[in-house]
Amino acid sequence: MRTAIVTLIMLFIIVYAQRDWFRALCCLVVFTALTEYPGLPNPLDAKGFNHWSVMFTAIVLAWMLSRIVRPRTWNFPRGWLIVIGLYLVVEMIGVARLCWSLDTFKAHAVKVNVGYAQYTVRSVLIDVVYSPMRYMLVGLLLFDGARTRRQLLYGLVAVLSAVLIYALIVNKEIPLSGLVGGGMDYRRRISKWTSRHPNDLARLFVATFWMGISLWQLKVGSFKLRIVVPVALGFIVIALGHTHSRGGYLAFVVVGLAVALTVRSWRTFAVLATAIVATITFAPSVTSRMLTGVDTSGNEQHDMAEVTGGRDTIWAAAIEGVKESPWIGHGNRGYAVSSALQSSIVTGGGELHPHNAYLETLLDHGILGAGGRVAPFLYVLGAGAVLVRRRVDPLLRLVGVAAVAWPLASFAMGLSGQHWGFSENLFTFWCVTGLTVRALMVPDTVPRRAGASAEYRPHASRARGAEIRDLHARGSALHRTSRS
């Protein structure tokens, strides 16, 4: 029965793509959250070729046909072309260096995972290039398709819906009592049922929560949508608690403060303060997780291995690897290619990456290439700030909030993990990126709804007032002329 349902969904998206490929793409973005769900069968179970790939291929073909029938300009901002071009060049050089030093990588990695003994260049291209770049292409298609305000809204709702599905899966598998005690015992279920690490999901939950708060404040979408959003945010914040991700909790505060300062909203500060108080009061398991390894007796005898989750050993080894080639790094998977992994194993570690995106960037590309890896994140962050501060349209401002939240969540959680290079975990980031770059090209308009208050359109209000005063002046002049 489940196989039949998945097959019908797949056929529906394939057929509907011939009519409206953009809406079919939005449906695929939502479905992505269910792709690896264990209870959902995969009719086409093959490496790199599954039901998601078939639907995506159909959408790409429909998109290509639409561009042939109705040619249109890309309208890429020049700055974005430079940024994404630099990112791709740096990452592809890193991939090429990994392929060149593949024997060294396998010799080191096999000590942690014997499966890498059979790793080949083809495996590298599939895992490091093909799979992640499909998701980058989704962002490109969202950019090309979201040429109106309505389409921008569809894209945002699709991303929100995908994250909500992840939250519902997490909440389904972990009882609410996990927030009171024993939450870490349930944490392993998250990866099993979503095929995503809890820390990666925490990043999505953080960015989506603050985006949802702004959606309500800016009054974007219909009233029915704004009624659903608070309920969805409740599920998302509970799921964030279940991840027991200390990096996620830190990012929640950092992103909340950043969004509040960018939008200049005291209500956002109030939501953040309320969330902190509620966590301390009703979720002692979360508070206990944050204080892991911290000596609360006043003796200041902190257990750094517990505080950092064993990362103190991993980071020390990574720093030694950075010192070996500080300017150009070691190529992708630099932690395993350099002596860092060897040093980590000797001191008790056993991970294939340094659990720190900043150190990983230096290991892979060195000081000279680090800017290319972080360039898209900085560009999107800057574009988000521009949209929030210089645009009047609430929808465009909401896209700006998303563009601020996603990179900042990645930067905050980069202290304890994350990957900024080619990675499947950046799927939603590339979706938000495509919508953000398009929002920069969409004309600013004042919403016609009466509810979209003048609080968010001061320039339009002043312009309208000047126009009214000018009309009054002309009327008075005509009146005086007629009397004379």
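Helices here are DSSP runs of H or I with at least four residues, numbered from the N terminus. The expected span of a helix is 1.5 Å times one less than its number of residues. Helix α13 (residues 266-282) has 17 residues and reaches 24 Å from first C-alpha to last, close to the 24 Å expected.

This is a predicted model: local features need pLDDT of at least 70, side-chain atom pairs count only at pLDDT 80 or more, and totals for chains, interfaces and linings use all residues. Residues are numbered from 1 along each chain as its sequence is written, and side-chain values use heavy atoms, leaving out hydrogens and water.

**Helix α13**
- Thr268, Leu272 and Ala275 are the buried residues of α13 (buried is under 20% relative accessible area, exposed over 50%, partly exposed in between; 1.4 Å probe, protein chains only).
- Seen down the axis of α13, these buried residues fall within an arc of 60°, so they line one face of the helix (the arc is that of the directions from the helix axis to the C-beta atoms).
- An α-helix has 3.6 residues a turn, so residues three or four places apart point the same way.
- The buried residues of α13 pack against α10 (198-218) and α12 (246-263).
- On the other side of α13, Trp266, Thr274, Val277, Ile280 and Phe282 are exposed.
- Ser265 caps the N-terminal end of α13, with a side-chain oxygen 3.4 Å from the backbone nitrogen of Arg267.

**Nonpolar core**
- The largest nonpolar core has 131 residues (a set of buried Ala, Val, Leu, Ile, Met, Phe, Trp, Tyr and Cys residues joined through side-chain atoms within 4.5 Å).
- Helix α20 (residues 394-413) gives the most to this core, with 15 residues.
- Ile59, Val138, Phe205, Trp210 and Trp406 touch the most other members.
- Beyond neighbours within four places in sequence, Trp406 is in contact with residues including Arg203, Met211 and Phe429 (contact means heavy atoms within 4.5 Å).

**Arg289**
- Arg289 lies in helix α14 (residues 284-290) and is buried, with a relative accessible area of 15%.
- Its side chain reaches the backbone oxygen of His244 at 2.8 Å.
- Not counting residues up to four places away in sequence, Arg289 touches Met184, Arg187, His244, Arg246 and Tyr249.

**Confidence**
- The chain averages a pLDDT of 85, and 87% of the residues score at least 70 (pLDDT is the predictor's confidence in each residue, from 0 to 100).
- Residues 447-469 have pLDDT below 50, and this stretch has 20 contacts in the model beyond near neighbours in sequence.
- Over residues 478-484 pLDDT stays under 50, with zero contacts beyond four places in sequence.

Definitions and conventions. Helices (H or I, at least four residues) and strands (E, at least two) are DSSP runs, numbered from the N terminus. A polar contact is a pair of N or O atoms within 3.5 Å; within protein, one must be able to donate a hydrogen and the other to accept it, and residues adjacent in sequence count only if both atoms are side-chain atoms.
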